[in-house]
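Hi everyone, thanks for coming. Please have a look at the structure on the screen, and I'll walk you through it.

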Amino acid sequence: MVRHVLTHNGGIVDKFFMDLIRSFSQFKVTGYSIGSWLSADHETIEVAKTTIQKVARIVEEEVKKMDKPEIEILFGN
């Protein structure tokens, strides 16, 4: 979301961004307002990094499940 605003809106916050950012509780909403300029500070980058790591773990686990027979997925080894 931040990358999109920085890349496509020249860093200017719009309603679409505000609606999206409110739907993700781990992102801070304070300090953002429509029409304001957004910068990627340390906290924003850390939250993004943590989120990416969580998504990567979920994807990795799902891929591992696909590599196993259904019976093993349901009942274990």
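Let me begin with a question: which residues does Phe-17 touch, not counting residues up to four places away in sequence? Keep that one in mind for a minute while I tell you what we are looking at. This is a predicted model, so local features need pLDDT of at least 70 and side-chain atom pairs count only at pLDDT 80 or more, while totals for chains, interfaces and linings use all residues. Residues are numbered from 1 along each chain as its sequence is written, and side-chain values use heavy atoms, with hydrogens and water left out.

Now, back to Phe-17. Its partners are Met-1, Val-2, Val-5, Tyr-32 and Leu-38, where a contact means heavy atoms within 4.5 Å. Phe-17 sits in helix α2, which covers residues 15–22. Helices here are DSSP runs of H or I with at least four residues, strands are runs of E with at least two, and both are numbered from the N terminus.

Is Phe-17 buried or exposed? Phe-17 is buried, at a relative accessible area of 1%. Buried means under 20% relative accessible area, exposed means over 50%, and partly exposed is in between, with a 1.4 Å probe and protein chains only. One more thing about this residue: Ser-33 is 16 residues away from Phe-17 in sequence, and their C-alpha atoms are 9.6 Å apart in space.

Let's zoom out. Of its 77 residues, 17% count as buried. If we take contacts between residues at least 6 apart in sequence, 31% of them join residues at least 24 apart. The protein exposes about 6000 Å², and carbon and sulfur atoms supply 61% of that; these areas come from the Shrake-Rupley method with a 1.4 Å probe, and for residues only the protein chains shown count as cover.

Next, the inside. In soluble globular proteins, nonpolar side chains tend to be buried together. Which residues make up the largest nonpolar core here? There are eight in all: Val-2, Val-5, Val-13, Phe-17, Met-18, Ile-21, Tyr-32 and Leu-38. Helix α1, residues 2–8, and helix α2 each supply at least two residues of this core, and the largest share, three residues, comes from α2. By a nonpolar core I mean a set of buried Ala, Val, Leu, Ile, Met, Phe, Trp, Tyr and Cys residues joined through side-chain atoms within 4.5 Å.

Let's stay with α2. Phe-17, Met-18 and Ile-21 are buried in this helix. They cover an arc of only 100 degrees around the axis, which puts them on the same side of α2; the arc is that of the directions from the helix axis to the C-beta atoms. The buried residues of α2 pack against α1. On the face turned away from the buried side, α2 carries the exposed residues Lys-15 and Phe-16.

Lys-15 brings us to charges. Its side chain meets that of Asp-19 in a salt bridge, at 2.7 Å from N to O. A salt bridge is a side-chain nitrogen of Lys or Arg within 4 Å of a carboxyl oxygen of Asp or Glu. Lys-15 is exposed, with a relative accessible area of 51%, whereas Asp-19 is partly exposed at 38%. Both lie in α2, four residues apart, about one turn of the helix.

How many salt bridges does a search of the whole structure find? It finds five. One of them joins Glu-60 to Lys-64, with the closest N and O atoms 3.9 Å apart. These two are four residues apart in helix α3, so about one helical turn separates them. Another links Lys-65 with Glu-62, at 3.2 Å between the closest N and O atoms; these two also lie in α3, three residues apart. Salt bridges that share partners join Glu-60, Glu-61 and Lys-64 into one network.

Last stop: Val-63, in helix α3, residues 42–66. Val-63 is partly exposed, at 42% relative accessible area. With Val-55 and Val-59, Val-63 forms a nonpolar patch on the surface, about 230 Å² of accessible area together. Patches are made of residues with over 30% relative accessible area and no salt bridge, joining like charges within 9 Å and nonpolar side chains (Val, Leu, Ile, Met, Phe, Trp, Tyr) within 5 Å.
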